[in-house]
Amino acid sequence: MTTTPQSPLIELKHISKHYGEGETRVDALRDVSLEVYPGQVIGLLGPSGSGKTTLLNIIGCIVEASSGWAKLDGDVIYDNAWMKSDLRRLRLDKVGFIFQFHNLLPFLNSMENVSVVLDLAGVPADRAKQRAQELLEYLEVGHRRDAYPAHLSGGEAQRVAIARALANNPRIILADEPTAALDSERALIVMKLLRKLAVEQDAAVLAVTHDEKIYDQFDRIFHVRDGQLVTED
Amino acid sequence: MNLAYRDIKHNLGRFLLTCFGLSLLLGVVLSMIGIYRGLVDDALTLVRAPNADIWVVETGTLGPFAEASRIPGNTREDIARIAGVTAAGAMNFQSVQTQRHGQELRLYVVGYELGHPGGPINIVEGRNIGRDRYEAVADLGLGVKTGETLQLGRTAFKIVGLTEGMVASGGDPLLYMTLRDSQQLQFELSPSAVRKERARGARPGSADTVNAVVAQVSANIAPETVVQDIKRWKHLAAMSQVEQETLLTQSVVDRARKQIGLFTAILLVVSAVIIALIVYTMTMDKIREIATLKLIGAPDRTIIGMVIQQSVAMGVIGFGFGALLIVNIKDYFPRRVVLQPEDGLALAGVILIVCLLSSALGVRLALKIDPASAMGG
């Protein structure tokens, strides 16, 4: 397990999120507070509709909270009615996403799927390609650099997706069911990889999962029940 | 990294097939414009061939093409005597249908005086008419050969030369013959009809009638001045070459122009709707990819650029294919299709605007895609 440094990468205080008003109001999150430090791998568990993905979306700057306070890697992104502008850039620079079904762009090969993030960030093409190659090698899929997603196995595709998530050296990695489409062996490999990345790159990994096989790979596990966060260390 | 290009490259077959479908539609639009140009060109070919400055016709008519016109055969001598007129020639025009090798043949006979304005131009094979009787120069469009004999009425004409691209406003190929032959063909009664006329006590009318006289005017004199001089004769009307051309384009082919113009506009609207639907469907097919791009930080301009570039690429490739297709098959159209570079460029510009406008629907959809939809299964 990692030691806990002083300043958290993810800091949420009393975050609430509701959809609709009056009789149709649904409280997706209620008074959620959370701190995640560099090097930590955190698991978010809970039944469908409990608010896990909403929490991930708020941390990923995709969904605006209804109330509360949120800070990512030193940047306050939300303070009650105020929301930081240009969250797209912040997302690009600081957050890496890993999806359940890898979400690789089908019209780009492995190398391009990784370098597209760097391209969007304005990194010159040769440097972007070099970085993408390094990441693919690091994740042991360098030999598949020219393969399109349709020709990759589930494990290979997920590794390429992880490489894409890491392309910009993000401090925060958000993973939505990263092992759902993988068998036990590959799921364990992916989780060990995420742990390695968290430690080596001083990043925080927050993963939503239902996969019991990987529970022991988390530093801390939170249960989300009816929009509330329950710690289970 | 050009995402639009990568996407097209990845689905190249489907994209090209879509472009091909669009190209057929845009090819039809281009051919409609070409047909209109051909119609005008055809109408003006006959009028421009005599290289006339003035057209003299029957008073009160807009002849000889918009209306029937008959004037005395000696009018040419009267016109030639007017000050400023350097040359004049009497002409006859007549639509004829005959048979050749058992096939119906429609043609437009032009009678002219040898040695005077109004004879054939663009002779590509054989020679001009050299004898006063029974020789003809035909257009290649008729399908006849030099040396061949063509039966018209009671007379057989030897084809001595061939012209190219000489047609009447209706698209019928021209056949030139001497004025005397054309007068006989147009006005002379058959022997049995003459006998019938005589039997009822009538005298057969004179065949020395012409439809129009064309005149060339000295460069030092304005054609309008000569026109005014001619108009002083009560039995004649005159118009300048410009007036004759305007008359043809504005009255003879005006309805066709409006019809084709309207049809072209409808086809452009149909093209716009089809492009819009294709772009919308292409965007719908990429909802997850667009959501992922937005989620990983792609700005809206990247997404909009991808949609617009694909739309424009489709329009450009579709137009290119369409233009290539029409350029290669235009000669097989029953009527002349004239493709002018400026028309092609104008249509390309219109297609570009149509593509930009049509992509609005796809852009709107792309901008509405929630990046959060990339999350979850």
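A salt bridge here is a side-chain nitrogen of Lys or Arg within 4 Å of a carboxyl oxygen of Asp or Glu. In this predicted model, Arg6(B) and Glu112(A) form such a pair, with their closest N and O atoms 2.1 Å apart, and the count of salt bridges between chain B and chain A is 1. Polar contacts across the interface of the two chains amount to 9 residue pairs, both residues being at pLDDT 80 or more.

On the side of chain B that touches chain A, the elements giving two or more residues are helix 1 (3-10), helix 9 (287-295) and helix 10 (300-329) of chain B, and it is helix 9 that gives the most, with 6 residues. By class, that side of chain B holds 12 nonpolar, 6 polar and 7 charged residues.

The contact as a whole draws 25 residues from chain B and 26 residues from chain A, and the area buried between the chains is about 2,300 Å², with carbon and sulfur atoms giving 68% of that area. Within chain B, the residues that lose the most area to chain A are Met1(B), Ile296(B) and Met375(B), which together account for 30% of what that side buries.

The largest nonpolar core has 128 residues, and among those with the most contacts inside it are Ile59(A), Leu206(A), Leu293(B) and Met314(B); helix 2 (residues 12-48) of chain B supplies the largest share of this core, 14 residues. Beyond its neighbours within four places in sequence, Leu293(B) is in contact with Leu105(A) and Val116(A), as well as with Leu3(B), Ala298(B), Ile303(B) and Met306(B). A second, separate core of 25 residues includes Ala52(B), Trp55(B), Val57(B) and Phe65(B).

Notes. Residues are numbered from 1 along each chain as its sequence is written. Chains are lettered from A and ligands numbered from 1 in the order in which they are written. This is a predicted model: local features need pLDDT of at least 70, side-chain atom pairs count only at pLDDT 80 or more; totals for chains, interfaces and linings use all residues. Side-chain values use heavy atoms; hydrogens and water are left out. A nonpolar core is a set of buried Ala, Val, Leu, Ile, Met, Phe, Trp, Tyr and Cys residues joined through side-chain atoms within 4.5 Å. Buried means under 20% relative accessible area, exposed over 50%, partly exposed in between (1.4 Å probe, protein chains only). Helices (H or I, at least four residues) and strands (E, at least two) are DSSP runs, numbered from the N terminus. Contact means heavy atoms within 4.5 Å. Buried area is the accessible area (1.4 Å probe) that two parts lose on being put together, summed over both. A polar contact is a pair of N or O atoms within 3.5 Å; within protein, one must be able to donate a hydrogen and the other to accept it, and residues adjacent in sequence count only if both atoms are side-chain atoms. Ala, Val, Leu, Ile, Met, Phe, Trp, Tyr, Cys and Pro count as nonpolar, Asp, Glu, Lys and Arg as charged, and the others, Gly among them, as polar.
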